[in-house]
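Subject: The structure you asked about

Hi there,

Here is the structure, ready for you to open alongside this email. My notes on it follow below.

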Amino acid sequence: QVPSDAQRIRDFIRLMEAGHRDRLLAAQDICFKTMTAAHGGVGYAHIVRRVVPGMRALGMSDDDINALLVRNPARLLTFV
């Protein structure tokens, strides 16, 4: 069974409370054209349009959200 966005957000919160915030990042997978908005799916903007408001509603701070969506991925994807 696929977890809901709310369940995934609660899992993020539990992991952050356990001290793992700097090791987490949020991403999504679009692997079929039916997953795109043009074909009835959630689309590429799902995290920004739906998940981020859910994160705020469940108590995540803007700093927490920035860590998951900007800082941690930037650190992970930096090639030296």
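A helix here is a DSSP run of at least four residues, and helices are numbered from the N terminus. With that in hand, the chain reads α-α-α from its N terminus on, with three helices and zero strands. Please keep in mind that this is a predicted model.

First, the overall picture. The C-alpha atoms fill a box of roughly 40 × 35 × 25 Å along the principal axes. Of the 80 residues in the chain, 28% are buried.

Now to the charged side chains. The count of salt bridges comes to six, and a network of them links Arg 21, Asp 22, Asp 63, Asp 64 and Arg 71. Which partners does Arg 21 meet in helix α3? One is Asp 63, in a salt bridge of 3.0 Å from N to O. Arg 21 sits in the loop between α1 and α2 while Asp 63 belongs to helix α3 (residues 62-76), so this pair ties together parts that are 42 residues apart in sequence. The other is Asp 64, whose side chain meets Arg 21 in a salt bridge of 2.8 Å, N to O. That pair, too, links distant parts of the chain, with Asp 64 in helix α3 and Arg 21 in the loop between α1 and α2, 43 residues apart.

Asp 63 also takes part in a salt bridge with Arg 71, where the closest N and O atoms are 3.0 Å apart.

Are these residues buried or exposed? Buried means under 20% relative accessible area, so Asp 64, at 17%, is buried. Arg 21 is partly exposed at 21%, as are Arg 71 at 33% and Asp 63 at 38%.

Next, the largest pocket. Its volume is about 300 Å³, and 14 residues line it. Asp 5, Arg 8, Ala 27, Gln 28 and His 46 lie nearest the centre of this pocket. The elements that give two or more residues to the lining are α1 and α2, and α1 supplies the largest share, four residues.

Finally, the surface. Leu 25, Leu 76, Leu 77 and Phe 79 make a nonpolar patch of about 470 Å². Leu 25 lies in the loop between α1 (5-17) and α2 (46-57), and at 34% relative accessibility Leu 25 counts as partly exposed.

Technical notes
Residues are numbered from 1 along each chain as its sequence is written. This is a predicted model: local features need pLDDT of at least 70, side-chain atom pairs count only at pLDDT 80 or more; totals for chains, interfaces and linings use all residues. Side-chain values use heavy atoms; hydrogens and water are left out. Patches are made of residues with over 30% relative accessible area and no salt bridge: like charges are joined within 9 Å, nonpolar side chains (Val, Leu, Ile, Met, Phe, Trp, Tyr) within 5 Å. Accessible areas come from the Shrake-Rupley method with a 1.4 Å probe; for residues, only the protein chains shown count as cover. A salt bridge is a side-chain nitrogen of Lys or Arg within 4 Å of a carboxyl oxygen of Asp or Glu. Buried means under 20% relative accessible area, exposed over 50%, partly exposed in between (1.4 Å probe, protein chains only). On a 1 Å grid over the protein atoms alone, a cavity is a set of points where a 1.4 Å probe fits but cannot get out, and a pocket is an open set with protein on both sides within 12 Å along at least five of seven lines; lining residues have an atom within 4 Å of a point. Grid points are joined across faces, edges and corners, and a volume is the space filled by probe spheres set on the points.
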